[in-house]
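This report describes a structure in plain terms, one topic at a time. Please look at the sequence and the 3D view before reading on.

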Amino acid sequence: MFIQRLKIENWKNFRKGEINLSRRLFLIGPNASGKSNFLDIFRFLREISLDTGGGFKQAIETRNGVSAIRCLFARQKPDISIEVEIKDDDDSIWIYHLSFGQNQNRNPIIKSERVEHNGKILLDRPDTDDKKDIARLSQTSLEQLTANNKFRSITNFFQSINYQHLIPQVVRDSKGFSPVSISNDPFGRDFLHRVERTRPNIRDSRLKKIESVLQIAVPQLKELKVSRDSSGIPHLEGIFEHWRPHAGKQFESQFSDGTLRLFGLLWSLFEGDGTLLMEEPELSLHKEVVRLLPAMIEKIFRSRKIRRQVIISTFSEEMLADKGIGGEEIIRLEPSPDGTKLVSPLDSPEEMEQLRNGLSIADVILPKSSPQGIQELLFSL
Amino acid sequence: MTVVNLLVEGEIDEVVANKIVCELGHQVGTCYGKKGSVYIKNKIADFNKSAQNICYLVLVDFMDTGYDCPPEVISNWLPHKNNLMIFRTVVREIESWILADRKNIAKFLNVNLEKIPTHPESENDPKQKLVNIARNSRSSKIRSSLVPEQNSTAQVGKLYTSEIKRFVSEFWDIKAARKNSPSLDKCFKRLKEI
């Protein structure tokens with residue numbers, strides 16, 4: 001399954017937008033254009049569909065309420081709405097639509113929720129039950145097992161969305177960042193627990209594959225494993241070769257930022273099969289490694305025999321220089337006085353001509369995503 | 001008014017090209033490149049393919065090309081130039097065009113007018129020339145910004161690019177510069193034809 005079309009209104013920097021998404025998608029745009037906010041749409045869909053540890057209300061709360069989500073450019077119709085078109089593996093089409101706002105007490109309420117399968121409406125809220133009991137509008141039907149039986153597969157699909165933005169410092173010192181354990185933390189607070197909890201045969205086979213990739217990027221690395229210390233805390237253990245006759249053991253606290261980032265990135269490619277959201281995967285990596293990331297992602301998915309959607313935000317010239325990336329795989333976020341616009345090269349005959357003539361995304365699209373007025377940046381200091 | 005896209009070697013060239021295009025009342029589209037002359041050499045043919053419908057102004061420093069005369073560059077790099085591809089060689093380097101506005105650059109660098117060469121296109125290494133002029137500036141700020149520190153392998157000072165960009169956007173007078181730089185004058189006239 002993958003999300004092939006998105007329609008949003010009043011979501012963060014986006015006042016209104018509608019765009020096709022491909023199975024592999026690169027998001028480009030200047031700082032603060034809304035790349036993370038775009039990815040957050042999908043994180044939100046995941047969160048609202050979790051029956052435990054999530055749900056609509058909590059997803060709104062963790063984003064500091066409806067007014068913090070609502071686009072500052074919102075006009076007369078201030079409701080926030082998200083609509084996704086999902087292509088199922090059997091080519092059937094699902095549509096999930098949600099719009100919400102807040103009531104007089106500033107509590108989030110659902111204004112409408114709709115599910116369609118191949119044009120057939122399976123859910124259309126508010127329905128008669130909602131009218132009888134208005135409190136029902138504080139929950140989506142995705143998060144209720146009794147309500148979502150007709151469209152369980154899209155609930156499961158949303159739940160499988162995975163956001164990864166591993167922060168090396170957090171992996172090294174997860175307690176320092178949060179004393180209580182956090183599950184499924186995209187920034188890596190429970191990362192090593194997750195690795196360690198994976199079924200040993202699967203874990204070891206993944207570690208072997210990751211080790212072989214890492215060895216190329218980090219030639220000193222000889223072996224990679226996960227171990228537990230005497231207090232039961234899992235650690236990533238690497239055997240590094242150095243000038244001493246016996247190779248030296250190092251733990252994650254001694255790993256470089258780049259090694260940890262690459263490890264996390266590779267692990268997320270092996271873990272799960274839902275839409276994967278990656279925020280600037282190029283961070284801390286050498287450009288020659290970055291150059292190979294698009295092919296690396298493709299190869300890992302192929303080796304797993306899965307067709308997984310991946311949405312990547314990036315500034316990386318090296319990654320976008322890959323001639324295997326098509327214009328249809330790009331969304332450019334363009335800030336405007338009316339909110340950020342979602343722009344596809346497919347809508348620009350000029351860009352399509354340049355791409356068809358052998359130029360890469362890095363050659364012709366990336367220069368368009370540089371901030372307006374960047375020339376003056378230094379003059380103002 | 002035509003939308004003119006730029007394909008240039010670096011940041012200073014971008015500001016220069018921007019200024020020329022705007023002076024003629026055209027609109028600047030996207031600035032491509034900014035990755036040196038080798039990038040332009042490698043990509044020019046691909047950019048050229050779309051130059052039937054899209055207008056490009058390409059500036060290349062002649063001294064980076066390794067050829068003996070400017071027409072050789074074009075016959076080697078762009079044998080089948082499309083009509084909206086405006087390919088101009090800067091003789092010999094973008095700093096020649098900047099030095100060509102003698103009065104304003106002398107004022108900016110805080111040096112006497114006679115320190116600025118009268119034929120900037122015949123300077124062997126215009127960037128080095130500009131840095132050397134700045135070395136003798138009466139202003140310590142100019143010296144510390146534009147000139148590299150002693151024993152440094154850097155060719156220019158830490159703020160060279162940003163200061164020269166500021167000069168071009170705020171003070172550089174194309175009309176005056178055209179008189180001392182035939183290659184700038186030709187570029188201007190060619191761009192005027194579109």
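## Burial and a predicted model

A residue counts as buried when its relative accessible area is under 20%, as exposed when that area is over 50%, and as partly exposed in between. The model discussed here is predicted.

Glu116(A) shows how the cut-off is used: its relative accessibility is 15%, so Glu116(A) counts as buried. Its salt-bridge partner is Arg114(A), with 3.3 Å between the closest N and O atoms. Arg114(A) has a relative accessible area of 23% and is therefore partly exposed.

Side chains of opposite charge can pair when their charged atoms come close. Over all chains, the rule used here counts 42 salt bridges.

One of them joins Glu113(A) and Arg125(A), whose closest N and O atoms are 2.7 Å apart. Glu113(A) belongs to strand β6 (residues 108–117) of chain A and Arg125(A) to strand β7 (residues 120–125) of chain A, so the pair ties together parts that are twelve residues apart in sequence. Are these two residues buried or exposed? Glu113(A) is buried, with a relative accessible area of 0%, and Arg125(A) is buried as well, at 4%.

Another salt bridge is formed by the side chains of Lys249(A) and Glu237(A), at 3.6 Å from N to O. Lys249(A) sits in strand β11 (residues 248–251) of chain A and Glu237(A) in strand β10 (residues 234–240) of chain A; the pair links distant parts of the chain, twelve residues apart. Lys249(A) is exposed, with a relative accessible area of 51%, whereas Glu237(A) is buried, with 5%. Elsewhere, Lys12(A), Asp40(A), Glu47(A) and Arg63(A) are joined into one network by salt bridges that share partners.

## A helix and a strand residue in chain A

Helix α9 of chain A covers residues 200–217, which makes 18 residues. From its first C-alpha to its last, the helix reaches 25 Å, close to the 26 Å expected at 1.5 Å a residue. Which of its residues are buried? They are Arg203(A), Arg206(A), Leu207(A), Ile210(A), Glu211(A) and Leu214(A). These buried residues pack against α8 (191–197), β9 (221–228) and α10 (257–270) of chain A.

Asn162(A) is part of strand β8 (residues 162–164) of chain A. With a relative accessible area of 12%, Asn162(A) is buried. Apart from neighbours within four places in sequence, Asn162(A) is in contact with Glu271(A), Thr275(A), Leu276(A), Leu277(A) and Arg308(A).

## Where the two chains meet

In this model, 20 residues of chain B are in contact with 16 residues of chain A. About 1,600 Å² is buried between the two chains, and carbon and sulfur atoms give 50% of that area. On the side of chain B, Tyr32(B), Asp46(B) and Ile54(B) lose the most area to chain A, together 27% of what that side buries.

How many salt bridges does the rule find across this interface? It finds two. Lys43(B) forms a salt bridge with Asp363(A), where the closest N and O atoms are 2.8 Å apart. Between chain B and chain A, six residue pairs are in polar contact.

Four elements of chain B give two or more residues to the side that touches chain A: α1 (11–23), β2 (27–33), α2 (36–49) and α9 (160–170). Of these, α2(B) gives the most, with five residues. By class, the side of chain B that touches chain A has seven nonpolar, six polar and seven charged residues.

Terms used: Residues are numbered from 1 along each chain as its sequence is written. Chains are lettered from A and ligands numbered from 1 in the order in which they are written. This is a predicted model: local features need pLDDT of at least 70, side-chain atom pairs count only at pLDDT 80 or more; totals for chains, interfaces and linings use all residues. Side-chain values use heavy atoms; hydrogens and water are left out. Contact means heavy atoms within 4.5 Å. Buried area is the accessible area (1.4 Å probe) that two parts lose on being put together, summed over both. A salt bridge is a side-chain nitrogen of Lys or Arg within 4 Å of a carboxyl oxygen of Asp or Glu. A polar contact is a pair of N or O atoms within 3.5 Å; within protein, one must be able to donate a hydrogen and the other to accept it, and residues adjacent in sequence count only if both atoms are side-chain atoms. Ala, Val, Leu, Ile, Met, Phe, Trp, Tyr, Cys and Pro count as nonpolar, Asp, Glu, Lys and Arg as charged, and the others, Gly among them, as polar. Buried means under 20% relative accessible area, exposed over 50%, partly exposed in between (1.4 Å probe, protein chains only). The expected span of a helix is 1.5 Å times one less than its number of residues.
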